[in-house]
Each structure stands twice: as structure tokens, then as C-alpha cells.
Amino acid sequence: MPEIVSEGCALHVEVEGPADAPVVMFSNSLGTDLTMWDPQVAPFTRHFRVVRYDRRGHGRSGVTPGPYSIEMLGRDALAIMDGLGLDTVHWVGLSMGGMVGQWLGANAPQRLRKLVLANTSSFMPDKQPWHDRIATVRAGGLAAIVDKVMGIWFTQDFREADPAAVEAIRAVFLKTPVDGYIFNCEAVRDMDQRDLLDKIAVPTLVVAGRFDQSTPIEANDFIRRKVPGAQLTILDSAHISNIEQAAAFNTEVLGFLVS
């Protein structure tokens, strides 16, 4: 699998699927790696070449000194496209991946075919929880917040029905480099992309989770209302909808991308 260097950071990338198919590029949530998209690989590679990557500060990618910004992470995504020789991609981003997708949709629309923004937001109005989270992680590592995070990311019903899926994400979360996690937290905390939304000039689907506490329906519907022509679909999930409602997520997103 290729390693692509962007602004001094080595980014781990994996590519699967037919070489001659259109490309869909997946971008992860904060505190996960590219394996969060495992439920999407088989169905999507029937139609697309699939590109997944670990964001700067996560997984097998490098951890460069902060501060990070959504713009920097957007440039990383463009560097991956350039490194793979991709003129255009479909972008599917969840949570932080959706934040990067908003930046791309406004600043590099010529590189996108269609845009999926799942369980995401354009602005964090209350900064204090982010200050508190960063302080907690600095003091006690990711183990200090992992139980709370899993409780927010997945509904209780799903945690009881599929504990193995939750444990897999929990393990990835705990392996995330502390500095990388903090630098990315700061990027989310400080972002304000509300003025970018009406500049997004590609077909856009917004996916919200009915039980999502991190980026509630209202935050996603704000994006839907501001992005010209955007559609909204709501799944019966908490934050990580592509895992909790994988079949419904795949149906909705594939239906949008192949239409």
C-alpha cells in the first residue's frame, strides 16, 4: 500500500477495487483509523475503486507537531489524490472526515464528483467540552475517556447486540497517538466552516444519526439547508452510523453515488 508524504507527514493509504472504476475516497472520524470503513469495502468495491487513509496523527500515519487545522487536513487529502494520480473522487467523510469534506467541497470542488457528509458539523459552538476532553487526555491518556466515547458513538442496543464491533473500534481508539488525537481535537474545536457551506458546488448527501449526541440531527440539517441542493437522510444510529447501521448506510450512500 502506498505511503504519501504531505507537508512533512507520511500518510498511510490503502487502495482496493477495480483499477478502471471511478474512485470513492473515505475519511474517518476522530480517534479511528481506516479500518472503520471495513463494512463498506466489499459492497463499494463492486462499483468503485476504494481509497482509505489514516489521517495525520492517527493509525499508521505520522504525527507532526501541532497546531493542525481542517484546512491542513484538506491539503493532506489533496496530496493523496495527487500522489495516486486521481483527478476526481467521490468523497465519503464521517464526523471529522465530513469536516474535511466540507473544506474540499468549497475549496477544491473540481476534485470532487459527489460529496457525502455523515454525522458531522460545521462549527462547535461550545468549546468547553473540547478544552475538558483535551485536558483529560493529556492527564490520563485515551483510556481516561474511552468508555464515555464508546457510549456516545454507539447506542446501548448496538453495544449489546454487537460487542465485537464496538471492541474493535475501542481498540483502535486506544492505540491512537495521544499527541495526534489532541492536535486533531484542537482542529475540530477551533473550526468554523459555516461560511463555506454555500460555496460547496458538488452534489451533496448529508447523513445524520437519529441518536447522535456528538453531531446531532440539527447540526447536519444546518449543513443540508446551507449547501445548495443538498439532500438529508437520517439513520437509526448514534455517531458511527457506517458501523451501527452498515446495511442502511451502504444502501443510502451507494444509491446516491451511482445515481
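Me: Which residues in α4 meet which residues in α8?
Reply: From α4, Trp130, His131, Arg133, Ile134, Val137 and Arg138 meet Val178, Tyr181, Ile182, Cys185, Glu186, Val188 and Arg189 in α8; contact here means heavy atoms within 4.5 Å. By class, eight of these residues are nonpolar, one is polar and four are charged. Ala, Val, Leu, Ile, Met, Phe, Trp, Tyr, Cys and Pro count as nonpolar, Asp, Glu, Lys and Arg as charged, and the others, Gly among them, as polar. The model is a predicted one, in which local features need pLDDT of at least 70 and side-chain atom pairs pLDDT 80 or more, while totals for chains, interfaces and linings use all residues. Residues are numbered from 1 along each chain as its sequence is written, and side-chain values use heavy atoms, with hydrogens and water left out.

Me: At what angle do the axes of helix α4 and helix α8 cross, and what is that arrangement called?
Reply: The axes of α4 (residues 128-140) and α8 (residues 178-190) come within 10 Å and cross at roughly 175°. Because angles over 145 degrees count as roughly antiparallel (under 35 roughly parallel, 65 to 115 roughly perpendicular, the rest oblique), α4 is roughly antiparallel to α8. Axes are lines fitted to C-alpha atoms, for helices over the stretch in contact, and angles run from 0 to 180 degrees between N-to-C directions.

Me: At what angle do helix α2 and helix α3 pack, and what is that called?
Reply: Helix α2 (residues 70-83) packs against helix α3 (residues 96-107) at about 80°, and their axes are 9 Å apart. That angle therefore makes α2 roughly perpendicular to α3. On the α2 side the contact involves Ile70, Glu71, Leu73, Gly74, Arg75, Ala77, Leu78 and Met81, and on the α3 side Met96, Met99, Val100, Trp103 and Leu104. This contact has ten nonpolar, one polar and two charged residues.

Me: What makes Thr204 buried?
Reply: Thr204 has a relative accessible area of 1%, and buried means under 20% (exposed is over 50%, partly exposed in between, with a 1.4 Å probe and protein chains only); Thr204 is therefore buried. The residue is found in strand β7 (residues 204-209); helices (H or I, at least four residues) and strands (E, at least two) are DSSP runs, numbered from the N terminus. Beyond four places in sequence, Thr204 is in contact with Leu115, Leu117, Val227, Gly229, Ala230, Gln231 and Phe256.

Me: How far is the backbone oxygen of Val202 from a polar atom of the side chain of Thr204?
Reply: The two atoms lie 2.8 Å apart. A polar contact is a pair of N or O atoms within 3.5 Å; within protein, one must be able to donate a hydrogen and the other to accept it, and residues adjacent in sequence count only if both atoms are side-chain atoms.

Me: Why does Val207 count as buried?
Reply: Val207 has 1% relative accessibility and so counts as buried. Val207 is also found in strand β7. Val207 and Leu232 are 25 residues apart in sequence, with 5.9 Å from C-alpha to C-alpha.

Me: What makes Ser95 buried?
Reply: Ser95 is buried because its relative accessible area is 8%. Ser95 lies in the loop between β5 (89-94) and α3, and its phi is near 60°, again a positive value in a residue other than glycine.

Me: What makes Ser29 buried?
Reply: Ser29 has a relative accessible area of 0% and is therefore buried. Ser29 lies in the loop between β3 (23-27) and α1 (38-44), and the residues it touches include Ser95, Met96 and Trp153.

Me: How do you know that the radius of gyration of the chain agrees with a compact globule?
Reply: A compact globule of 259 residues would have a radius near 18 Å, and the chain has 17 Å, which agrees. The radius is taken over C-alpha atoms, and the globule rule is 2.2 Å times the number of residues to the power 0.38. Of the 259 residues, 58% count as buried.
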